[in-house]
Amino acid sequence: DQAVLPIETVNLSAIMVEAIQIFPDNAHQFFQVNKYDGDAELARVGEVVWRDILDLGWDDANVGQSVRYGLDLSPLSENFPGGFFHIRVTFRRPHIVYPCSGEFADEFVEFEGLSTEAEADSSYWDYWGSNNSYEYRRNRTNPCHPAYYQRWYDHNITIGRNVMVTDMGLIARRDQQGALHVFASDLQTARPMTNVDFTLYSFARNEIATGKTDIVGLGNARIENSQPFFIMAHKGENYGYLRVDDASAISTSHFDVAGVSSRSGLRGLIASERGVYRPGDDIHLTFILKGQNPLPDSTPVTFSLASPSGTVTDEQVLSGGIDGMYAVTSRTAADARTGEWYAKFAVGSTMFTRPVRIETVTPNRLKIELDLGGEVIYGPDISGTLHSEWLHGGRADGLRSEIFVALGQGGNPTVEYRDYTFTDPSRSFSSRNTRLFDGDLDRDGNADFDGRVNVSEAPGVLNATFTTRVYEDSGTYSSEFFTTTLHPYDRYVGLRTPPGDVARGMLLTDEDHPIDLLMVDNRGNPIRSASVTVELYKINWRWWWETDQEDLAGYFRNRSVRRLDTETVRISSGRGQYSLRVNYPEWGRYLLKVTDPSGGHSASKILYIDWPGWAGRGQDAGEGAAMLVLSSDKSEYEVGELVELTIPSGASGRAALSIESGGTLLLSEWVQTNEGTTRYRFRATEDMAPNAYVHVTMVQP
């Protein structure tokens, strides 16, 4: 109905159009070698059903200009309802508005017309024949030469696009148990399409199964244990074709899909009463087994205990479980090898494993006291006093001692400004271990020490963890650990961004967003007057391998980033402000960085900026479908709590929503969407533990 294919031309008075229909019985063969936009081996699966030369009505005012036209496909869809077509457009020398003079200008023969009979793939697209001579290769980009109208490796004047005439949209999802769920919707109204017949085929076109979407209004169907390559759906004049091979599946790498996965429909948890055992101790373990369906208490479970070298030292068969809980007691020999042992529980072919630490634990016999002169360290220089004595009160005369300090990222310089960001993840800083002291205590068990730690490129406040060891003459040592705060900078700069829109927590384009800046000294007092540099960068999306902690420092070192803005902002009485604005059609992830050029500290934060009322980031060119950005009111829920999802949406659409856990689809339904944002609520149940996934596909009318 009023399907228009946009075509843009430059200096053309007419175009040649051809439509090749891929017949429904041949659609499977087409998709064996093509995706939806492919054009390989068309002569095997289709025929030319329409071709014409269309006069564009040339206007001399359009010389050198791009002119857009609409190719009306309504007659095609009327004559061939439910068709799947490859539309090709090209031109010849008589159709160009381009002055030609010289020896080649008169070699062209006017095109006398086209046959309207159905033909195979070879047609007037090869009208001029083939010539690979040097003269032709040299003139392949000259519109006044016949070579221009041939196809070359780097030159082709024919464009094509596949068009499917149908009101049917298909969605297929396969759960972890192998069942395939097929959804059909009416693309005119976005309503579920019921009573649709569909057939599942293997790659070799063997019919695997047939089915029909329900007639109760949900427009979906479930096929058990099915691994098809292709689905053909049919209702009236509407056909739907869907490749369901793994390579055609929509990627979920944009989303956080981490969590506990279910193997063979089973989940297992191994618990112990403590973390470290000595050789010869009893090891008490509990194994909790849960399946998709309730398991009988007589389900056999095989337990084994293996040494660090893999040798099994104990094996038991457990069959007396209570509500899926199995208790087992094991032990190692009194002279067993220390290290990381492994407790293994096997249920059929599914194995669950937990490491068990076996160590020789020796309690401290020396008391250790470390005095740093205060609770907080300022600067990279660390000095203090070490004192040690025997627990019975004797002096630790002349005992050798060591002091190490490890640095790691800390918190804010002051608790008063918790809503400000004072760290800079774009700086490269890893945990660093420094030896501060290695020497003997005096006759009273005391020693003075001083040292310096490397705090270059520190992202902000650091935590300093001290490890102190005092060795007895036998070589056995007592140790003590404690952590304190270290300030590598004399002053810190922080930034605070607006909370963003309620629906998605992101900032919107075409608006001025005030960014609050703050500068304090290392004791939390505001700096009276200073200047800071504010930089805005555009950065790419993070991917599934970055779900733990994004290495922004490596990103800045190894990839070119686009800096959009640099501005100097004055700080007065500790405060300043920067106005952030990104205009449509820009959207995506941005890094805002604030640097104190005098003090050396910097802070940065990733911002998500999107278009008002829509998930603009979904226009990512890397995906075949647009990407919706879901958000929930919390990240964790108790059983029985109400979960609220926020879905960016358009009015009058439908969202195919499903909830799954442990590889099983728990809920599937179509949701009516609202303009701008749709909120969906459901209650957390026991079978959603330990984590559940919500998958939404929105269909717009």
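Buried means under 20% relative accessible area, exposed means over 50%, and partly exposed lies in between (1.4 Å probe, protein chains only).

## Basis

This is a predicted model: local features need pLDDT of at least 70, side-chain atom pairs count only at pLDDT 80 or more, and totals for chains, interfaces and linings use all residues. Residues are numbered from 1 along each chain as its sequence is written, and side-chain values use heavy atoms, with hydrogens and water left out.

## Two residues with positive phi

Most residues other than glycine have a negative phi. Asp510 is not a glycine, yet its phi is positive, about 60°. It sits in the loop between strand E31 (507-508) and strand E32 (513-521). Strands (E, at least two residues) and helices (H or I, at least four) are DSSP runs, numbered from the N terminus. Asp510 is partly exposed, at 37% relative accessibility.

Glu457 also has a positive phi of about 60° without being a glycine. Its loop runs between strand E27 (446-452) and strand E28 (462-471). Glu457 is partly exposed too, with a relative accessible area of 42%.

## Cis peptide bonds

Most peptide bonds are trans. The bond from Tyr584 to Pro585 is cis, with omega near 10°. Pro585 is in the loop between strand E35 (575-580) and strand E36 (588-595).

The bond from Ala689 to Pro690 is cis as well, with omega near 0°. Pro690 belongs to the loop between strand E42 (676-683) and strand E43 (693-699).

## Aromatic rings

Rings of Phe, Tyr and Trp (its six-membered ring) pair if their centres lie within 6.5 Å; planes under 30 degrees apart are stacked, over 60 edge-to-face, and the rest tilted. The whole structure holds 26 aromatic pairs. One of them is Phe91 with Tyr149, edge-to-face at 6.3 Å centre to centre and 85° between the planes. This pair links distant parts of the chain, 58 residues apart. Both Phe91 and Tyr149 are buried. Elsewhere, ring pairs join a cluster that includes Phe30, Tyr36 and Tyr241.

Charges also meet rings. A charge sits over a ring if NZ of Lys or CZ of Arg is within 6 Å of the ring centre and within 35 degrees of the ring normal. Arg523 lies over the face of Tyr378, 4.0 Å from the ring centre. Arg400 has its charged end over the ring of Tyr471, 4.8 Å from the centre.

Two strands pair if DSSP finds at least two bridges between them. E15 pairs with E21 (residues 350-358) in the parallel sense, over two bridges. Val276 has Arg357 in E21 as its bridge partner.
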